Amino acid sequence: MRAAGSLALSWLRVSAIVLRYLYLLRGSWPRIVELAYWPTVQMVLWGLVTKFFATHSDWVAQAAGVLIAAVLLWDVLFRSQLGVSVVFMEEMYARNLGHLFASPLRPRELVAALLLVSVLRTMIGVLPAALLAIPLYRYSIFDMGLPLLAYFTVLLMFGWAIGLVICAALLRYGLGVESLAWASIFALAPVSGIYYPVATLPEWLQPVAWALPSSHVFEGMRAVLIEGRFDPGLLAGGVGLTLGYLGLSAAVFLRTFNVARERGLLLQSGE
Amino acid sequence: MTDPAIVVTGLRKHYGRITAVDGVDFTIDRGATCALLGANGAGKTTTVAMLLGLVTPTAGRISIFGEDLLADRYRVLPRMNFSSPYVDLPQSLTVRENLTVYARLYGIRAAGDRLRRLGADLDIDGLLDRKYRSLSAGQKTRVTLAKALLNEPELVLLDEPTASLDPDNADRVRSYLRAYQQRSGATLLMTSHNMTEIERVCTQVIIMRAGRIVDRGTPAELVTRYGLATMEEVFLDIARNGGDAMRECG
């Protein structure tokens with residue numbers, strides 16, 4: 001039986017790449033601090049905005065935590081995307097792709113490892129901010145219950161999808177496009193309805209918003225926090241779109257990997 | 001008679017209009033130490049990259065240990081390894097961490113003993129807990145060599161294995177590679193610009209120019225065929241004059 005023809009993964013090889021990243025984190029405390037720094041700063045900022053609006057806006061007063069929950073969930077998407085693309089960039093900075101892919105490591109095993117590391121980075125980044133919001137603003141995002149787990153998962157996976165497309169761009173065009181890793185996701189922010197309903201957007205832009213899983217999640221989150229109801233239709237839309245995008249982005253990454261082998265790009269992974 | 005280690009047939013690589021490798025055929029016997037020589041841009045690196053599965057050929061066939069590399073490189077890659085001064089390891093990790101990661105990638109679960117032995121053999125045991133970035137060029141060369149031997153490969157591809165090493169360390173590495181080969185029966189394919197090294201170590205030489213193989217043989221055969229005194233002179237004659245000395249001899 002030909003192993004390459006199957007979709008089997010070697011968890012020993014996947015764990016090797018995860019271990020490589022754990023070593024990197026262990027040896028560099030600034031990397032760990034950086035992971036938690038921005039989500040915490042964002043949470044503190046939006047917590048203060050919430051406190052102000054709670055007395056000046058009927059809408060925010062209905063559910064005091066809606067902006068804090070929004071910023072924390074947005075960071076799940078942002079961090080999970082960075083968790084994939086920045087870790088891939090580390091291999092490119094290290095000019096290590098040649099060694100990696102001359103070993104028995106399969107591209108899909110690298111992808112699996114990137115996704116696992118992304119979960120880890122997202123938890124390190126967002127969990128301290130979520131916990132800190134409890135004493136600072138007497139708001140616990142965990143009160144959302146099971147829907148939170150569902151929204152977290154959808155955003156995490158959508159972040160993976162974006163991250164894999166960025167990895168494909170890095171592989172194809174080199175580190176010259178690294179700014180994409182940081183900037184591209186912000187293009188989705190205005191149309192994701194993070195802090196306001198999708199209905200606020202101009203009518204022509206609303207179909208774009210509904211094509212994004214993130215819009216379904218943030219609308220669903222507001223339904224839970226403001227109206228006290230869970231909307232399974234919004235969640236189903238988010239899950240379906242995310243799975244579609246994830247499948248597509250994995251295919252794009254693996255196809256780009258083959259292009260990189262055809263063009264000899266695995267040995268030219270520097271700037 | 002055993003199968004050859006490597007059989008390459010009609011190998012070509014084009015990058016757009018540029019032809020890097022232009023119809024190369026060669027066979028390397030198991031247990032041989034073969035040098036792939038040529039001036040910069042001759043096509044050596046691309047050939048080695050294709051043998052490692054890092055670059056897809058435009059045409060041709062590569063068989064390693066009887067397996068078709070292009071159809072299923074993952075059956076062959078665990079039996080091979082390589083080192084190159086031009087492909088780095090992660091700088092922020094220690095030598096031990098780097099080698100532990102690669103041991104796992106090659107399926108070695110208990111890497112401790114292997115690391116200790118290689119550390120002693122290649123004189124890197126004092127470097128194991130240092131960050132890779134803090135090493136000198138020569139130390140890095142020895143570490144990447146340790147990485148190349150981690151899985152006790154049957155085929156080792158070595159890109160300038162003694163580059164950056166002082167004569168003492170270069171000699172130690174050559175002796176170690178010879179001992180490793182005698183112990184394991186491994187096949188070594190190396191590129192080098194050190195012709196003295198080639199004469200001392202290699203049993204077979206393939207010379208490339210402009211993407212093609214222009215000559216091959218043992219170092220002694222080549223020196224005799226060109227009517228020159230050393231491999232260095234043979235190399236220079238081919239690189240500068242396309243092998244005029246042989247034509248005059250012949």
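Strand S3 (residues 33–37) of chain B pairs with S8(B) in the parallel sense over 3 bridges, while strand S7 (residues 155–159) of chain B runs parallel to S8(B) and is joined to it by 5 bridges. Strands (E, at least two residues) and helices (H or I, at least four) are DSSP runs numbered from the N terminus, and two strands pair if DSSP finds at least two bridges between them.

Because 5 of the 5 residues of strand S8 (residues 187–191) of chain B are buried, the strand is largely enclosed by the rest of the structure. A residue is buried if 20 or more other C-beta atoms lie within 10 Å of its own, exposed if 12 or fewer, and partly exposed in between, with C-beta atoms placed from the backbone. B:Thr187, B:Leu189 and B:Thr191 cover one face, and B:Leu188 and B:Met190 the other.

## The antiparallel sheet of chain B

An open sheet of 4 strands in chain B has the order S2-S1-S4-S5, with antiparallel pairing. Strand S2 (18–28) and strand S5 (67–68) stand at its edges with a single partner strand each, so one side of each is left without a neighbour in the sheet. Strand S1 (residues 6–15) of chain B is joined to S2(B) by 8 bridges, and B:His14 stands opposite B:Thr19 in S2(B).

## The largest nonpolar core

A nonpolar core is a set of buried Ala, Val, Leu, Ile, Met, Phe, Trp, Tyr and Cys residues joined through C-beta atoms within 7 Å. The largest one holds 153 residues, of which A:Ile68, A:Leu72, A:Leu73, A:Leu155 and B:Leu157 touch the most other members. Helix H7 (residues 146–173) of chain A gives the most to this core, with 18 residues.

H7(A) has 28 residues and reaches 41 Å from its first C-alpha to its last, close to the 40 Å expected at 1.5 Å a residue, the expected span being 1.5 Å times one less than the number of residues. Since 20 of its 28 residues are buried, H7(A) is largely enclosed by the rest of the structure. A:Gly174, whose phi is positive, near 85 degrees, follows H7(A).

## Conventions

Residues are numbered from 1 along each chain as its sequence is written, with chains lettered from A and ligands numbered from 1 in the order in which they are written. For this predicted model, local features need pLDDT of at least 70 and side-chain atom pairs count only at pLDDT 80 or more, whereas totals for chains, interfaces and linings use all residues.
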